[in-house]
Amino acid sequence: MKTLTRNAYAKVNLALDVLRRREDGYHDVCMIMQNLSLYDTLTFTVEEADTLTITLACDKAFVPCDARNLIYKAIALMGETYHLTGHVHVELVKRIPVEAGMAGGSTDCAAAFHAMRELYGLDVSDQELMKLGVKLGADVPYCIMRGTALAQGIGEKLSQLPPMVKCPVLIAKPSVSVSTKFVYQNLKLDENTKHPDIDALISAIKKKDFPEICGKMGNVVESVTIPNYPVIAEIKEKMMEAGAAHAMMSGSGPTVFGLFEDEETAQRARDVMKASGLARQVYLTSIYNNRRK
């Protein structure tokens, strides 16, 4: 029997731009992705068996533990691709908010790809894992790579960037559910669309210029999500009032994250946000730059 534990780190989008709608129904995007220190923990156990079987358990009852789960799908895909056998059991401790625009499912999926490679001693590169990962979700290749990255195409074309400045990050998720499909179907791109300046943000990240980074961040899909869910704008405003250097929605929402210059201000802002009742889940975390652990 072999056992392995992996941490799966949440992500936010420091910038999210949508360039065009593709003929296949997807959208070409340009995003800057960043990990946070908030993570799920996955413990994998493998026992010998003639065929590949998979079981999954989670500490949160609302998380599906069958073939719908991306962890399950990743293990099955690895088994099919590399002709693996054995009984794989996974214990998942879930901390990242679900359906939050923070890649909670995708990062767990990525952890499963990494773990299967290690447990079975497979001579497989990250690039090969990323090619498999995109079959399960556009964010999975980034979650396999980790760190600070530029994502293009549908999110699968990745370029590593220098590490983002480490700073406290406040996370607030309101008690609304946002459909990514709804957001992208209702996104109108025209001459009035305010696109974030991705090149300027990359330059600021390279210079480690925190004020400039905050000034260049942006999320084009806020133009759809915020009018439909005004609480997101309320959370952003509350974070800025509480001292955030910048506050923005991650992904297609509904989670808002705020960047802070110091821990003390961030802790006060966390207390303010909890007291406001605007968010169901509030976490204080930080930028995470280690590509592997």
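This is a predicted model: local features need pLDDT of at least 70, side-chain atom pairs count only at pLDDT 80 or more; totals for chains, interfaces and linings use all residues.
Visitor: Which residues in helix 2 and helix 3 meet?

Guide: From helix 2 come Phe-113, His-114 and Arg-117, and from helix 3 come Asp-126, Leu-129, Leu-132 and Gly-133. Sorted by kind, the residues of this contact are three nonpolar, two polar and two charged.

Visitor: At what angle do helix 9 and helix 10 pack?

Guide: Helix 9 (residues 231–241) packs with helix 10 (residues 263–276) at an angle of about 145 degrees, and their axes are 9 Å apart. This crossing is right-handed. On the helix 9 side, Ile-235, Lys-238 and Met-239 take part, and they meet Val-272, Met-273 and Ser-276 in helix 10. The residues of that contact divide into four nonpolar, one polar and one charged.

Visitor: How many aromatic pairs does the count come to?

Guide: The count comes to two aromatic pairs.

Visitor: What makes the pair of Tyr-9 and Tyr-39 tilted?

Guide: Two rings pair if their centres lie within 6.5 Å, and the centres of Tyr-9 and Tyr-39 are 5.4 Å apart. Planes under 30 degrees apart would count as stacked and planes over 60 degrees as edge-to-face; the planes of these two rings stand at 55 degrees, so the pair is tilted. The pair links distant parts of the chain, since Tyr-9 is in strand 1 (residues 2–21) and Tyr-39 is in strand 2 (residues 27–47), 30 residues apart.

Visitor: Why does Tyr-9 count as buried, and why is Tyr-39 called partly exposed?

Guide: Buried means under 20% relative accessible area, exposed means over 50%, and partly exposed lies in between. Tyr-9 has 2% relative accessibility, so Tyr-9 counts as buried, whereas Tyr-39 has a relative accessible area of 29% and is therefore partly exposed.

Visitor: Why does His-27 count as buried?

Guide: His-27, which has its place in strand 2, has 8% relative accessibility; the limit for buried is under 20%, so His-27 counts as buried. Leaving out residues up to four places away in sequence, His-27 touches Val-18, Arg-20, Arg-21, Arg-22, Gly-153, Ile-154 and Tyr-184.

Visitor: Why is His-83 called exposed?

Guide: His-83 has a relative accessible area of 70%, and exposed means over 50%, so His-83 is exposed. His-83 is found in the loop between helix 1 (70–82) and strand 4 (86–93), and has a positive phi of about 55 degrees although it is not a glycine.

Visitor: What makes Lys-208 count as partly exposed?

Guide: At 46% relative accessibility, Lys-208 falls between the limits of 20% and 50%, and therefore counts as partly exposed. Lys-208 lies in the loop between helix 6 (198–207) and helix 7 (210–216), and its phi is near 55 degrees, a positive value in a residue other than glycine.

Visitor: Which peptide bond is cis?

Guide: The peptide bond from Gly-253 to Pro-254 is cis, with omega near 5 degrees, and Pro-254 lies in the loop between strand 9 (246–249) and strand 10 (256–259).

Key. Residues are numbered from 1 along each chain as its sequence is written. Side-chain values use heavy atoms; hydrogens and water are left out. Contact means heavy atoms within 4.5 Å. Helices (H or I, at least four residues) and strands (E, at least two) are DSSP runs, numbered from the N terminus. Ala, Val, Leu, Ile, Met, Phe, Trp, Tyr, Cys and Pro count as nonpolar, Asp, Glu, Lys and Arg as charged, and the others, Gly among them, as polar. Axes are lines fitted to C-alpha atoms, for helices over the stretch in contact, and angles run from 0 to 180 degrees between N-to-C directions. A crossing is left-handed if the near helix is turned anticlockwise from the far one by less than a right angle, and right-handed if clockwise. Rings of Phe, Tyr and Trp (its six-membered ring) pair if their centres lie within 6.5 Å; planes under 30 degrees apart count as stacked, over 60 as edge-to-face and the rest as tilted. Buried means under 20% relative accessible area, exposed over 50%, partly exposed in between (1.4 Å probe, protein chains only).
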